[in-house]
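Please read the following note with the sequence and the model side by side.

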Amino acid sequence: MKVAIAAIAGALGGPRSYARELVRALTGLAGEDDFYVLTDDRAAWDDAGGEVMELPMRSSYTRPLWDHWKVPRALRSLDVDLFHHTKNVVPLFCPAKCVVTIHDLAPFLYPDTFTFLQGIHLRTHIRFAARRADAVIAVSSNTRDDIIRHFHVPENRVRVVYNGVSPVFSRSPGDGELAGCRARYRLPGRFILYAGTIQPRKQVDMLIRVYHRLREEEGIPHHLVVAGRMGWKSGGLHETVRSLGLNDVVHFTGAVDGHDLPLIYRSAEVFVNPSLYEGFGLTCVEAMACGTPVVASGVSSIPEVVGDAGLLFDPSDEESLFRALLTVIREEGLRELLRQKGIDRARKFSWEKAAAGTLEVYRSVLQNRGGA
């Protein structure tokens, strides 16, 4: 096969990790297949494998021009058999068979957690991509069901290929590495961790309120570390922290270097994901791979991915999160059980498996099995 893969360097959070790790794993399994990476930043993908073609993007506002004009031109020049966009888009006039990965349907299910223009952009592209693509890759069965239900796509055109987790998260670091990371980010001795892009549906504001209650009502000594980029509507969190008198115990790290992220997970006593909706919940798997006990929302794809390896709670109920966190903090035996179960559970998700499943989708499309 001759395959082109669109991998945008500026994507945030899970979709960027997905594109990067999938490209790396696909080129490792390539055999006689040829892969071309179409990206807006060559330097971000040079070590991922494949032949890289840079298509500059001046800003996120020119993204439609990139997707619908620059990419088709590149596909015609390369004369590829198949094109795979790793995040939500199929070009209007695609000169090859198309596969698209749709990570979630948050813009449809939680439209108020996106800006007006962002919501229009995402809903338009996801709807068109789901209906136009020869095959859609969903990163969980929950996302697959959402796609079929919302867009009435034939079931045989939507395939589930789970995300993987990088081996760096299961590697045991040295004491010096952990100490160095603690120093770089000024991490406290005992802390609860949230990691991911900070945006409304992630409910970091609720986590901060619950954390305040845990300190006030239960006297827990832990600090709270919030690791990740500040997204839309996240500016008010600092004011929430100040108004609750938590300035000295809530720490915002900002964006975290990829090498440091596993070290931060391993330094935490418990990881919490209070999100209202996740297409896969990659941070939960990363934390489990690091051996960090996971407390996570019991909705959308998270129960499917986490299974019984984490303590699940109702994200619409602050009391549910309060009780779940308190239980894990208070019960050392439970933390050890979740740590062991999490490590075992995370082994089920690898990028090699994801690449093999993705190659199967490619071949199926080119053989006209399950195509549009």
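1. Where does serine 140 lie? Serine 140 is found in the loop between S6 and H5; helices (H or I, at least four residues) and strands (E, at least two) are DSSP runs, numbered from the N terminus. This is a predicted model, in which local features need pLDDT of at least 70 and side-chain atom pairs count only at pLDDT 80 or more, while totals for chains, interfaces and linings use all residues. Residues are numbered from 1 along each chain as its sequence is written, and side-chain values use heavy atoms, with hydrogens and water left out.

2. Serine 140 counts as buried because its relative accessibility is 0%. Buried means under 20% relative accessible area, exposed over 50%, and partly exposed in between (1.4 Å probe, protein chains only). Not counting residues up to four places away in sequence, serine 140 touches Val160, Tyr162, Gly279, Ser301 and Glu304; contact means heavy atoms within 4.5 Å.

3. Helix H5 covers residues 141-151, and its buried residues are Thr143, Arg144, Asp146, Ile147, Ile148 and Phe151. An α-helix has 3.6 residues a turn, so residues three or four places apart point the same way. The buried residues of H5 pack against strands S5 (97-102), S6 (135-138) and S7 (158-160), and against helices H3 (106-109) and H4 (116-132). Histidine 152, which follows H5, has a positive phi, near 55°.

4. The largest nonpolar core contains 62 residues, and Trp45, Leu193, Tyr265 and Tyr362 have the most contacts inside it. Helix H14 (residues 351-366) supplies the largest share of this core, 7 residues. A second, separate core of 37 residues includes Leu78, Phe83, Phe108 and Ile147. A nonpolar core is a set of buried Ala, Val, Leu, Ile, Met, Phe, Trp, Tyr and Cys residues joined through side-chain atoms within 4.5 Å.

5. An open sheet is formed by 6 strands in the order S10-S9-S8-S11-S12-S13, with parallel pairing; two strands pair if DSSP finds at least two bridges between them. Strands S10 (250-254) and S13 (311-313) stand at the edges with a single partner strand each, so one side of each has no neighbour in the sheet. From one strand to the next, the twist averages 20°.

6. Within this sheet, S8 (residues 191-195) and S9 (residues 223-227) pair in the parallel sense over 5 bridges. Tyrosine 194 stands opposite valine 226 in S9. Helix H7 (residues 204-218) lies across S8, S9, S10, S11 (270-273) and S13, running at about 170° to S9. Axes are lines fitted to C-alpha atoms, for helices over the stretch in contact, and angles run from 0 to 180 degrees between N-to-C directions.
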